[in-house]
Amino acid sequence: MILFPAIDLKDGQCVRLKLGDMNQATVFNDDPAAQAKSFEDQGFEYLHVVDLNGAFAGESVNGAAVERILKTVKFPVQLGGGIRTLDHIEAWLDKGLARVILGTVAVRNPELVKEAAKKWPGQVAVGTDAKGGMVAVEGWAETSELSIVELAKRFEGAGVAAIVYTDIDRDGILAGINWDSTLELARSTSIPVIASGGLASMDDIERMTRPEYQVLEGAISGRALYDGRIDSREALAKLRAVA
């Protein structure tokens, strides 16, 4: 069970959004690379990064900040937001990313995702962001007619490394992860699922140690780590104890 600390990038700064709203952003650090190093020093083993501007623009916007992160830390980094083409994917993997996360393109062009997963085994994940159980795209600005389970089934057996599932209705408000939907998704697919959106407290960490939650690859935490609701060392120790 991996606990991924999250760095969301907006205008070159490390922020957290409330309910996916770009106008409700709280800046936690204006030096994303320093924040990444802090997470590494705390003992985390994998970093989750999102280019929020890029998710809306359809191309990398905070690339310089991501590159500084990659040059600063040694632990693996996964990135989502604005990665829409094979050239985008290749360029980022060549720069040292461990894994790219494809969201909008997974809905718009699933064959590209399958091609990428075959070309770069273990390095291509799908980002499934949902509002009311339906997949949202274009930086959460639009909701599709596709359910999260239907999207996952598109990529069954395609070699996708993981599915990152975010419940937008809970993201950034410390309401707790939508565990029912997350576990439903994880049980419906053989692709490893990473929970995201709403991890709120040490109670959530405790829940993740239970046997029925071991179906997940891990969970992503943002705001709760930044404001101290989750103690990183205690959380990591609990999760490693059941590994």
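Trainee: How many of the nine residues of β1 are buried, and why is β1 described as largely enclosed by the rest of the structure?

Mentor: This is a predicted model, in which local features need pLDDT of at least 70 and side-chain atom pairs count only at pLDDT 80 or more, while totals for chains, interfaces and linings use all residues. Residues are numbered from 1 along each chain as its sequence is written, and side-chain values use heavy atoms, with hydrogens and water left out.

Eight of the nine residues of β1 are buried, so β1 is largely enclosed by the rest of the structure. Here buried means under 20% relative accessible area, exposed means over 50%, and partly exposed lies in between, with a 1.4 Å probe and protein chains only. Helices (H or I, at least four residues) and strands (E, at least two) are DSSP runs, numbered from the N terminus.

The strand partners of β1 come next. Two strands pair if DSSP finds at least two bridges between them. β1 and β4 run parallel and are joined by four bridges; Ala 6 has His 48 of β4 as its bridge partner. Four bridges also join β1 to strand β12 (residues 218-221), again in parallel, and there Pro 5 is partnered by Ser 221.

β4 is in turn joined to β5 by four bridges, the two running parallel, and Val 50 stands opposite Gly 80 in β5.

In α3 (residues 63-72), the residues Gly 63, Ala 65, Val 66, Ile 69 and Leu 70 are buried. Seen down the axis of α3, these buried residues fall within an arc of 160° (taken from the directions from the helix axis to the C-beta atoms), so they line one face of the helix. An α-helix has 3.6 residues a turn, so residues three or four places apart point the same way. What covers the buried residues of α3 includes β1 (2-10), α1 (32-41), β4 (47-51), β5 (77-80) and α4 (86-94).

Aromatic side chains deserve a separate word. Rings of Phe, Tyr and Trp (its six-membered ring) pair if their centres lie within 6.5 Å; planes under 30 degrees apart count as stacked, over 60 as edge-to-face and the rest as tilted. A search of the whole structure finds five aromatic pairs. One of them, Phe 28 with Tyr 226, is stacked, at 4.8 Å centre to centre and 25° between the planes. Phe 28 lies in strand β3 (residues 21-29) and Tyr 226 in helix α10 (residues 223-226), so the pair ties together parts that are 198 residues apart in sequence. Phe 28 is partly exposed, with a relative accessible area of 28%, whereas Tyr 226 is buried, at 17%. The ring centres of Phe 39 and Phe 44 are 5.7 Å apart and their planes stand at 85°, so this pair is edge-to-face. Both Phe 39 and Phe 44 are buried. Ring pairs link Phe 28, Phe 39, Phe 44 and Tyr 226 into a cluster.

As for the chain as a whole, its secondary structure comes to eleven helices and twelve strands, and 58% of its 243 residues count as buried.

Conventions:
Contact means heavy atoms within 4.5 Å.
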